[in-house]
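Please walk me through this protein model.

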Amino acid sequence: MLGVIADDFTGASDIASFLVENGLRTVQMNGVPKRQLQEPVEAVVISLKSRSNPVEEAVQQSLQALAWLQKSGCNQFYFKYCSTFDSTASGNIGPVTDALLDQLNDDFTVITPALPINGRTIFNGYLFVGQTLLNESGMQNHPITPMKDANLMRLMDAQARGKTGLVAYSDVIQGADHVKRCFEQLKQQGYRYAVVDAVDNSQLAVLAEAIDDFKLVTGGSGLAAYMAAYKNKNNTAQAAKTALLPNKAKSVILSGSCSVMTNKQVEAYKTKAAHKLLEVEQSLNNPNYAEELYQWVIENLNGEFAPIVYATVAPAQLQAIQAEFGGETASHAIEQTFAELAQKLKQYGVKNFITAGGETSSIVVQKLGFDGFQIGKQIAPGVPWLKALDEATFLALKSGNFGKESFFSDAQEMFV
Ligand SMILES: Nc1ncnc2c1ncn2[C@@H]1O[C@H](COP(=O)(O)OP(=O)(O)O)[C@@H](O)[C@H]1O
Ligand SMILES: O=C(O)[C@@H](O)C(=O)COP(=O)(O)O
């Protein structure tokens, strides 16, 4: 069984959806579960909110997740981080990878954020988003983990204990046996991690075969999709695919992502539905603010499309807000307001929640407190509908940069 430790909740649903698409029966758990697994599954994804926590906390949470997965019968582990490698010079991708390797008594793994279907590719160890380098893609303006370099070896070396080598495109295309030999060479040269080029899915397919016996794999969801397909090559590739869809019911959208794509999605959606900007100053200073937003949402639940509350702003506005209130203070206040608002709306009877942004989605789901999710149909690559395990509440947790401009209405067009 494959055990996945995801550093945020959108990332968890992203990887879970690709595992399901490629035939693995998968469940997504909300944090480290307090109970044993009840579902017969081939993969378990544990959603953590550890991407931007202090390093020690992220390491500790990840090790707890690993221990639970080991106890539950997993024999291979995947550390899922963002396809845009969201991290800083102190972590958390490096330290968590090191801690997981140590705990598994291993000393080598791969670094593979590539997700070609969503434009994330790696060439000569540089991460691209579409046709631009990561650090020119808009990710340099990320509110919490601004990405100012695209070189994965440098990014990893800054935050991890060991040295990072490269298996370049010209080697990857020579096939899985050759890639395995490259890994051996890198190990002999003292490298602990290998960035592996992937400009399209065929390199991920090669890599999936080359790492089939690795104890720990790290990356975005792209490689996981091909691992699932490889593991499933002899049998029921369609078995786990699901048609699970949300019911038409009271629905809301909460958008706390400031990514380039979320900005476009919010702008497009504002032409269709009731919309309200979440004001940072109010979040910080008005103790009644979540209640006021709640009243606004419930007055607007009966439109053709769900109302949206958004903190999403363009880079210049974000900079001004962060300069005025402090980045962390602003982020924290916004996240708390969204969490409180979501809780009130659930109590009111809202059944479908669409959230945008990894941190935002994570805090909302933690507050709503489900044990975990079944994985439903994808709205866009990497964004499935999820159904809470014990009730008919559905969620779509949209990664900052995923989905088309019409994502928010696309999601609702799937209601049955
Ligand atoms: N208007 C804003 N001003 C300051 N911070 C903001 C604003 N809107 C959102 N944020 C914060 O930015 C962070 C966005 O992160 P996240 O939700 O993970 O989105 P993404 O998926 O795009 O990375 C959150 O902590 C959120 O609270
Ligand atoms: O790998 C990805 O890009 C996503 O699964 C993911 O982790 C996105 O993070 P957010 O943009 O913070 O939602």
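Predicted model: local features only at pLDDT ≥ 70, side-chain atom pairs only at ≥ 80, totals over all residues.

Start at helix 2, residues 55-71. Its 17 residues reach 24 Å from the first C-alpha to the last, close to the 24 Å expected at 1.5 Å a residue. Ala58, Val59, Gln61, Ser62, Ala65, Leu66, Trp68 and Leu69 of this helix are buried. An α-helix has 3.6 residues a turn, so residues three or four places apart point the same way. What covers the buried residues of helix 2? The cover includes strand 1 (2-6), strand 3 (43-47), strand 4 (76-80) and helix 3 (93-103). After helix 2 comes Gly73, with a positive phi near 100 degrees.

Now move to strand 7, residues 126-129. Its side chains alternate. Leu127 and Val129 point to one face and are buried.

Strand 7 pairs with strand 6 (residues 120-123), antiparallel, through four bridges. Ile122 has Leu127 as its bridge partner. Two residues lie between the strands of this hairpin, where Asn124 takes a positive phi near 50 degrees.

Strand 7 also pairs with strand 8 (residues 132-133), again antiparallel, over two bridges. Here Val129 is bridged to Thr132. This hairpin has two residues between its strands too, and Gly130 takes a positive phi near 60 degrees.

Note on methods
Residues numbered from 1 in each chain as written. Chains lettered and ligands numbered in written order. Buried ≥ 20, exposed ≤ 12 C-beta atoms within 10 Å, placed from the backbone. Pairing = 2+ DSSP bridges. Expected span 1.5 Å × (residues − 1). Contact = placed C-beta atoms within 7 Å.
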